[in-house]
Amino acid sequence: TIGMEGDKNSGELQHFVNKLLHRLQGLQAVFITDNYGVPLIQATREHKLEELGRSLAATFAISSDQASKLTLGANESIVCFYSDYVAVHVNHTPLCITLLANEDEANVGALMSIGKDLKNVTEPLRKSVLQVSEEIHTNE
């Protein structure tokens, strides 16, 4: 799914995420969403994971906001362990990057590293989302 149809950078980012999904053992899904869970870029091995990605991203935004109130500084990432999956959420406001891997195959260190790399790769998208958001608020 590409949030900005026809945009060359979005197409390249989608291609990059698709390749990433098949290169890392155990990685089941990559979601790049806004803070409300609206998918901008995603790749999944199973269709059923798409809805889960939206829910995880929206929940992460709330959790990250609360975690940032602990006076330890801004929350950068959260790792969640579930019975079947490990989710690594990376804060890239207003974007949320979520990597979902099989619990028994997940390499959390590798997922965290990929999350940092995705922050760099998604910077143009982040700036576009910020700009659109500012324009919307200006016109209200």
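**Exercise 1. Find the strands that pair with β1, and describe each pairing.**

Solution. 
Step 1. Start with β5, residues 95-102: 7 bridges join this strand to β1, and the two run antiparallel. Helices (H or I, at least four residues) and strands (E, at least two) are DSSP runs, numbered from the N terminus. Two strands pair if DSSP finds at least two bridges between them.
Step 2. Pick a facing pair. I32 stands opposite I97 in β5.
Step 3. Turn to β2, residues 39-44. This strand is also antiparallel to β1, with 5 bridges joining them. Here A29 stands opposite T44.
Step 4. Look at the link. β1 and β2 form a hairpin with 4 residues between them. In the turn, G37 has a positive phi of about 90°.

This is a predicted model, in which local features need pLDDT of at least 70, side-chain atom pairs count only at pLDDT 80 or more, and totals for chains, interfaces and linings use all residues. Residues are numbered from 1 along each chain as its sequence is written, and side-chain values use heavy atoms, with hydrogens and water left out.

**Exercise 2. Decide whether T33 is buried or exposed, and list its contacts.**

Solution. 
Step 1. T33 lies in β1, residues 27-34.
Step 2. Apply the cut-offs. Buried means under 20% relative accessible area, exposed over 50%, and partly exposed in between (1.4 Å probe, protein chains only). T33 counts as buried because its relative accessibility is 1%.
Step 3. Check the strand. In β1, 8 of 8 residues are buried.
Step 4. List the contacts (heavy atoms within 4.5 Å). Leaving aside neighbours within four places in sequence, T33 is in contact with V38, P39, L40, A57, P94, L95 and C96.

**Exercise 3. Describe the surroundings of P94 and the peptide bond that joins T93 to it.**

Solution. 
Step 1. Locate P94. It is in the loop between β4 (85-92) and β5.
Step 2. Inspect the bond. T93 and P94 are joined by a cis peptide bond, with omega about 10°.
Step 3. Judge the burial. P94 has 15% relative accessibility, so it counts as buried.
Step 4. Find what P94 touches. Not counting residues up to four places away in sequence, these are T33, D34, N35, R126, V129 and L130.
Step 5. Take one of them, L130. P94 and L130 are 36 residues apart in sequence, but 6.9 Å apart in space, C-alpha to C-alpha.

**Exercise 4. Work out where the buried residues of α2 sit, and what they pack against.**

Solution. 
Step 1. Name the buried residues: L49, G53, L56, A57, F60, A61 and S64.
Step 2. Look down the axis. These residues of α2 fall within an arc of 145°, so they line one face of the helix. The arc is that of the directions from the helix axis to the C-beta atoms.
Step 3. Find the partners. The buried residues of α2 pack against β1, β2, β3 (77-81), β4 and β5.
Step 4. T71 is in the loop between α2 and β3. Its phi is near 60°, a positive value in a residue other than glycine. T71 is exposed, with a relative accessible area of 74%.

**Exercise 5. Assign residues of α3 to its buried side or to the face turned away.**

Solution. 
Step 1. Take the buried set. In α3, residues 108-121, L111, I114, G115 and L118 are buried.
Step 2. The face away from the buried side carries the exposed residues K116 and N120.
Step 3. Check A110, also in α3. With a relative accessible area of 21%, A110 is partly exposed.
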